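Let's take a friendly walk through the charged side chains of this model. Keep the structure open beside you as we go.

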Amino acid sequence: LVLYFDRKSAPCAMVPPPPAAPSAVEVARSCVHHFAERLPRTGKPQPHETTVLAAFAMSKNSDGNGPPLLQVVALGTGTKCLSESKRSGHGDAINDSHAEVVARRALVRWLLAHARLALTTEAGSPVLMLDKPQSNKLKLRAGVSLHFFASEMPCGDACVCEESRTGAKEVEASGNDAVVVVPPLQSKVDSGPQATHRARRKPGRGEPTLSMSCSDKIAKWLLLGFQGCLLTGLLAHPIEVETVTIVSPREDERDLDAARTAAERAFFGRTSSHRVAGGPALCTRVPQVRVVSRRQVLGGGEGGRGGGIFFGQGGRSKSGVSVNWSALHYFSDTATFGEVHEVTLSASGRRAGAVKRLRSGEVFNEKVVSTISRLRVARSFRQVLELGGGRFGNVEDFDVLAARGPYSELKRTFGGGYHDAWRQMRRAEGSIFSFWITKEDDFTVSQL
């Protein structure tokens with residue numbers, strides 16, 4: 001018998017041992033199967049289309065002596081993002097619809113629902129609990145671990161591996177601002193090797209985007225937590241992942257090892273200086289990165305068996321829609337909890353099914369605003385803040401800032417140490433985060 005003790009809890013308080021991490025193939029197959037078989041057809045790629053899937057799975061100790069339970073809790077699909085001129089200045093659109101970003105936003109929605117569950121129901125949440133008497137904030141229950149999955153290598157530095165390339169463009173610093181390096185001619189790009197350890201922004205068709213690459217964003221999340229800035233104020237500890245699993249089209253073990261090395265470099269090899277003692281990093285865990293072949297995931301199948309998230313034989317066009325799904329969401333109009341499945345259009349960042357003038361943002365309409373948008377997340381955060389009875393902050397202060405703006409001030413006030421740590425990381429000389437493209441959060445959330 002092995003006893004585990006939690007130093008952050010009361011003296012000699014026994015806690016369950018952490019579950020053994022599920023294998024990379026288990027995580028990948030679980031996520032792919034959930035998308036392909038459990039989700040409705042709405043929003044999935046057409047036969048001639050493909051997309052990228054990213055997801056979070058939760059492993060949890062079983063009640064008995066059985067193996068840990070594995071459950072997909074949040075996922076997202078998508079391959080596109082809005083150009084600079086189409087970005088919303090009101091927080092009501094999804095500016096970046098790449099799968100990894102959409103999945104993280106779906107995870108935030110899931111966490112907010114469990115926060116409400118923990119504060120309002122007698123049974124509480126099976127995922128979150130109050131950290132009494134230490135911080136009196138919420139924390140993951142003992143024995144709960146999260147695992148991140150992506151159906152292909154995230155764009156940016158992680159893609160730069162031997163013969164593999166990325167379409168994301170390098171960014172360089174100019175004074176206090178980051179600017180996009182003018183890309184060279186296509187012939188020059190194709191003829192020479194790409195540099196590693198670079199910050200990059202996502203490419204756009206014609207007009208450039210202001211969205212940083214998924215490799216850069218994942219590197220940030222692994223240092224500061226996947227919960228984002230606002231939710232940091234609710235949590236005793238940042239949300240970390242135990243493993244990162246990525247699917248590769250290659251099968252040779254040497255190619256898979258090279259891809260894993262590139263991913264490790266991109267995700268935390270470029271940011272090791274922030275993890276030193278006294279550094280700004282909030283997270284302590286360095287997750288295990290696993291790269292598996294597509295054949296291992298599909299069992300030798302191709303194409304359709306992955307629900308359109310893998311390329312079949314020959315090329316496919318990229319889907320113009322994005323799916324987001326969470327295992328738990330609070331529906332305020334009916335005061336009920338349940339799963340939520342949404343489809344947004346990558347060209348507008350708003351929910352599908354509305355007339356064009358509503359989707360374009362010409363007229364504000366609640367029906368087209370996604371529940372993973374910054375506006376709706378801020379609204380859900382306020383509700384949890386109020387339910388917390390002052391333990392997370394003053395809801396009256398939130399209302400004053402929401403009416404006066406800007407949104408960035410809300411994050412600074414309620415974001416705990418996240419806001420300060422991020423500012424320190426961006427100001428660090430030589431840090432890849434010093435190349436981050438500045439985007440002003442200058443909108444108010446008075447629509448709350």
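Start with Arg 350 and Asp 92, whose side chains meet in a salt bridge with an N to O distance of 3.3 Å. A salt bridge here is a side-chain nitrogen of Lys or Arg within 4 Å of a carboxyl oxygen of Asp or Glu. Arg 350 sits in strand S19 (residues 350–351) and Asp 92 in the loop between strand S6 (79–81) and strand S7 (96–98), so this pair ties together parts that are 258 residues apart in sequence. Helices (H or I, at least four residues) and strands (E, at least two) are DSSP runs, numbered from the N terminus.

Before going on, a word on the ground rules: this is a predicted model, in which local features need pLDDT of at least 70 and side-chain atom pairs count only at pLDDT 80 or more, while totals for chains, interfaces and linings use all residues. Residues are numbered from 1 along each chain as its sequence is written, and side-chain values use heavy atoms, with hydrogens and water left out.

Are the two partners of that pair buried or exposed? Arg 350 counts as buried at 5% relative accessibility, and Asp 92 is buried too, at 4%. Buried means under 20% relative accessible area, exposed over 50%, and partly exposed in between (1.4 Å probe, protein chains only).

Now turn to Arg 295 and Glu 251, a salt bridge whose closest N and O atoms are 2.8 Å apart. This pair links distant parts of the chain, with Arg 295 in helix H7 (residues 294–298) and Glu 251 in the loop between strand S14 (243–248) and helix H6 (253–269), 44 residues apart. Here Arg 295 is partly exposed at 41%, and Glu 251 is partly exposed at 44%.

A further salt bridge joins Arg 382 to Asp 399, with 2.7 Å between the closest N and O atoms. Arg 382 belongs to helix H9 (residues 374–387) and Asp 399 to helix H10 (residues 395–404), 17 residues apart. Asp 399 is partly exposed, at 32%.

Salt bridges can also join up: Asp 157, Arg 200, Asp 216, Arg 265 and Arg 270 are linked in a network of them. The count for the model comes to 22 salt bridges.
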